[in-house]
Amino acid sequence: MIEMRRRVFVVMMFFITLSLAHHQESLHRSVEDALEHTGGRAQPGLCSYGQTTSCCLGWRNVNGICQPVCKKSCVYGQCMGPEKCLCSQGYKGPQCDEDVNECGFLERPCSQSCMNTHGSYRCYCEPGYTLSADGYTCSREAACFSLRCQFGCQMERGGAVRCLCPPGLHLAADNKTCEDVDECQRDADVCPPRRTCRNTFGSFVCVCQRGFVIGTRQGTVQCRDKDECLTGSHQCSRHAQCVNTDGSYTCQCLEDYFGNGRTCWPRRAPQSKAVMYFNYKLSKRTPIQPSS
């Protein structure tokens, strides 16, 4: 009996080792394909383990490309390394959710008064001074002061004076104050493909469209397709198959089910006419009353 148990244990360990080797070989092949497509240049997140090459700890294989994993989302930034966020300008912190107080820098960005805003800042001038068109420096000009421009002004031909606004802003209807320019509505192609424009005060940012994630490829930062089927972020029924598409996915019910893919119902086996007629007649039969 002991000898029999020992043989069963040896056979089980053999199959477990064989399964692990097959899994490692599949991952190794996908990474090798990625290296072949990039001319053999090593990509971020690749590590060598003996004679095999696979994604490093903190990275995951997505369609043959190693991408970093950030368990907590980068609110105003992008995941650029394992649990490492690259914050957009004006933000800081592990998750890029903390505003940077530019007015508190030792080298102040404004020549006179500074007011911190969410993700940025604005400059103001003391009475008798006017903010120049660059939005940073203040100058004393009597003509501009009389106009009470919110920011700067300029002298035009003929001696006329008109108010100016910093880049990203334009004059409001009163010709004195400045309003934000929505670059996203003004130019539909302001962002590269696979990115969506998000307007900010005085500027804009380009973020990955829904269904895409930021990643590095061939040394550049690009928006890559998010494989919802691989990451498990899809909403397909457990009785459906998830099929990844560029920027999205589709759900297809399995053979014995029907529905829209997100909800699938089991198909009932078709009944013959004879069985249907028998069930109909059976339902019409009067039940036998028990004798008293």
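1. Basis of the note. The model is predicted, so local features require pLDDT of at least 70 and side-chain atom pairs count only at pLDDT 80 or more, while totals for chains, interfaces and linings use all residues. Residues are numbered from 1 along each chain as its sequence is written, and side-chain values use heavy atoms, with hydrogens and water left out.

2. The largest nonpolar core. A nonpolar core is a set of buried Ala, Val, Leu, Ile, Met, Phe, Trp, Tyr and Cys residues joined through side-chain atoms within 4.5 Å. Buried means under 20% relative accessible area, exposed over 50%, and partly exposed in between, with a 1.4 Å probe and protein chains only. The largest such core has 10 residues, namely C103, C110, C114, C123, L131, C138, F151, C165, L169 and C178. A further core of 7 residues lies apart from it, and includes A240, Y249, C251 and C253. In soluble globular proteins, nonpolar side chains tend to be buried together.

3. The surroundings of F151. Contact here means heavy atoms within 4.5 Å. With neighbours within four places in sequence set aside, F151 is in contact with R122, C123, T130, L131, L164, P166, L169 and C178. The C-alpha atoms of T130 and R148 are 8.2 Å apart, although 18 residues separate the two along the chain.

4. Strands (E, at least two residues) and helices (H or I, at least four) are DSSP runs, numbered from the N terminus; two strands pair if DSSP finds at least two bridges between them. Strand 21 (residues 240-245) and strand 22 (residues 248-253) run antiparallel and are joined by 6 bridges. C242 stands opposite C251 of strand 22. The two strands form a hairpin with 2 residues between them, and G247 in the turn has a positive phi of about 85°.

5. E83, a residue other than glycine, has a positive phi near 55°. E83 sits in the loop between strand 5 (77-81) and strand 6 (84-87), and is partly exposed at 46% relative accessibility. N175, likewise not a glycine, has a positive phi near 60°. Its place is the loop between strand 15 (169-171) and strand 16 (178-180), and N175 is partly exposed with a relative accessible area of 49%.

6. Aromatic pairs. Rings of Phe, Tyr and Trp (its six-membered ring) pair if their centres lie within 6.5 Å; planes under 30 degrees apart count as stacked, over 60 as edge-to-face and the rest as tilted. The structure holds 3 aromatic pairs. Y76 and Y91 form a stacked pair, with 4.1 Å from centre to centre and 10° between the planes. Y76 lies in the loop between strand 4 (65-68) and strand 5, and Y91 in strand 7 (residues 91-92), so this pair ties together parts that are 15 residues apart in sequence. Y76 is partly exposed at 32%, whereas Y91 is buried at 14% relative accessibility.

7. The tilted pair. The rings of Y121 and Y136 have centres 6.4 Å apart and planes at 50°, so the pair is tilted. Y121 is in strand 10 (residues 120-124) and Y136 in the loop between strand 11 (130-131) and strand 12 (138-139), 15 residues apart. Y121 is partly exposed at 22% relative accessibility, and Y136 is partly exposed at 39%.
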